[in-house]
Amino acid sequence: MIRSCQSDSLGSAVFSSPAVAYLRASTKKQHLSCDDQLHAIEEYCQRKGFNLVKVFTDDGVSGTKARTARAGWDELLCYVEAGHLTGGVVVVWSLDRWARDLRAGLLASWTVGDFDVQLHTTDSGNVDLSSVEGQLMGTLKLALAALESRERSRRVRERKALHRAAGYWVTQNPLGFVTHGSKGRKELIPDPTWSPIILELFEGFDRDATYDQLAS
């Protein structure tokens, strides 16, 4: 069980419960950075009397990805499975940072619980999956996070499809071309620097020129 925070004779908090933090941001442009999450988690641990001993991070990684595709998450779960955090706490900013895939999120949460480790979020506290009520709330929150991720992806796909239908370029530029226009409304035009070089190379291949001839 997690030990509660004690006080010494001078009234100062004694931190006896080990805790680790898990930070995740899908993109570098996300409004809530990993640094912001860590700051909130540190404050939460201070209030709860948890001793933050380790931080695991997946920066620029989607929460829909599997455990094996999220190095920080996998390292955290391996740390728990090795028995290094028994009787301790995993703290995340919110459940959508933990996972945006219902099945993966539940499996990871149960794994944590199997090793006598609690999962806490800074916005809701202990995610207690040992009770029926806790399982219901935890499942609902993870399901909502997964739904939000799918809806966001669907809206992005629809917006790109509309832009493509209007004749705008929405993916990475091919070599020899640049885009022109505002964000999301870009047209593909030849790159004045690289386009002549690419054209010359293709014409050389068409003439069956050797690599040495092309390089000269």
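**Questions on the model**

Trainee: Is Leu77 buried or exposed?

Mentor: The relative accessible area of Leu77 is 2%. Buried means under 20%, exposed means over 50% and partly exposed lies in between, with a 1.4 Å probe and protein chains only. With 2% set against the limit of 20%, Leu77 therefore counts as buried.

Trainee: Which pLDDT do local features need?

Mentor: Residues are numbered from 1 along each chain as its sequence is written, and side-chain values use heavy atoms, with hydrogens and water left out. This is a predicted model in which totals for chains, interfaces and linings use all residues, side-chain atom pairs count only at pLDDT 80 or more, and local features need pLDDT of at least 70.

Trainee: How many strands does the secondary structure of the protein contain?

Mentor: Helices (H or I, at least four residues) and strands (E, at least two) are DSSP runs, numbered from the N terminus. By this assignment, the protein has 7 helices, and its strands number 9.

Trainee: What share of the residues in the protein is buried?

Mentor: The protein has 216 residues. Of these, the share that is buried comes to 34%.

Trainee: Which residues does Leu77 touch, not counting residues up to four places away in sequence?

Mentor: Leu77 is found in helix 2. Contact means heavy atoms within 4.5 Å. With residues up to four places away in sequence set aside, Leu77 touches Arg67, Trp98, Ala108 and Val112.

Trainee: At what angle do helix 2 and helix 4 pack?

Mentor: Two packed helices are described by the angle between their axes and the distance between the axes. Axes are lines fitted to C-alpha atoms, for helices over the stretch in contact, and angles run from 0 to 180 degrees between N-to-C directions. For helix 2 and helix 4 (residues 102–114), the axes are 9 Å apart and the angle is about 30°.

Trainee: Which class of orientation does that give helix 2 and helix 4?

Mentor: Angles under 35 degrees count as roughly parallel, over 145 as roughly antiparallel, 65 to 115 as roughly perpendicular and the rest as oblique. The angle of about 30° thus makes helix 2 and helix 4 roughly parallel.

Trainee: Is the crossing of helix 2 and helix 4 left-handed or right-handed?

Mentor: The contact is made by Trp73, Leu77, Val80 and Glu81 of helix 2 and Ala104, Gly105, Ala108, Thr111 and Val112 of helix 4. A crossing is left-handed if the near helix is turned anticlockwise from the far one by less than a right angle, and right-handed if clockwise. The crossing of helix 2 and helix 4 is left-handed.

Trainee: How many aromatic pairs does a search of the whole structure find?

Mentor: Rings of Phe, Tyr and Trp (its six-membered ring) pair if their centres lie within 6.5 Å; planes under 30 degrees apart count as stacked, over 60 as edge-to-face and the rest as tilted. Over the whole structure, the number of aromatic pairs found is 4.

Trainee: Why is the pair of Trp73 and Trp98 given its class, and which class is it?

Mentor: The ring centres of Trp73 and Trp98 are 5.5 Å apart. Their planes stand at 90°, so the pair is edge-to-face.

Trainee: How many residues apart in sequence are the parts that the pair of Trp73 and Trp98 ties together?

Mentor: Trp73 is buried at 1% relative accessibility, and Trp98 is buried with a relative accessible area of 0%. Trp73 lies in helix 2 (residues 71–81) and Trp98 in helix 3 (residues 95–98), so the separation in sequence of the parts tied together is 25 residues.

Trainee: Which residue has its charged end over the ring of Trp73?

Mentor: Trp73 forms one aromatic cluster with Tyr22 and Trp98. A charge sits over a ring if NZ of Lys or CZ of Arg is within 6 Å of the ring centre and within 35 degrees of the ring normal. At 3.8 Å from the centre of the Trp73 ring, the charged end is that of Arg70.

Trainee: Which residues does Ser62 touch, not counting residues up to four places away in sequence?

Mentor: Ser62 is found in the loop between strand 4 (50–59) and helix 2. At 23% relative accessibility, Ser62 counts as partly exposed. Beyond four places in sequence, Ser62 touches Arg24, Ser26 and Arg70.

Trainee: What is the phi of Asp116?

Mentor: Most residues other than glycine have a negative phi. Asp116 lies in the loop between helix 4 and strand 6 (118–121) and is partly exposed, with a relative accessible area of 36%. Although Asp116 is not a glycine, its phi is positive, at about 55°.
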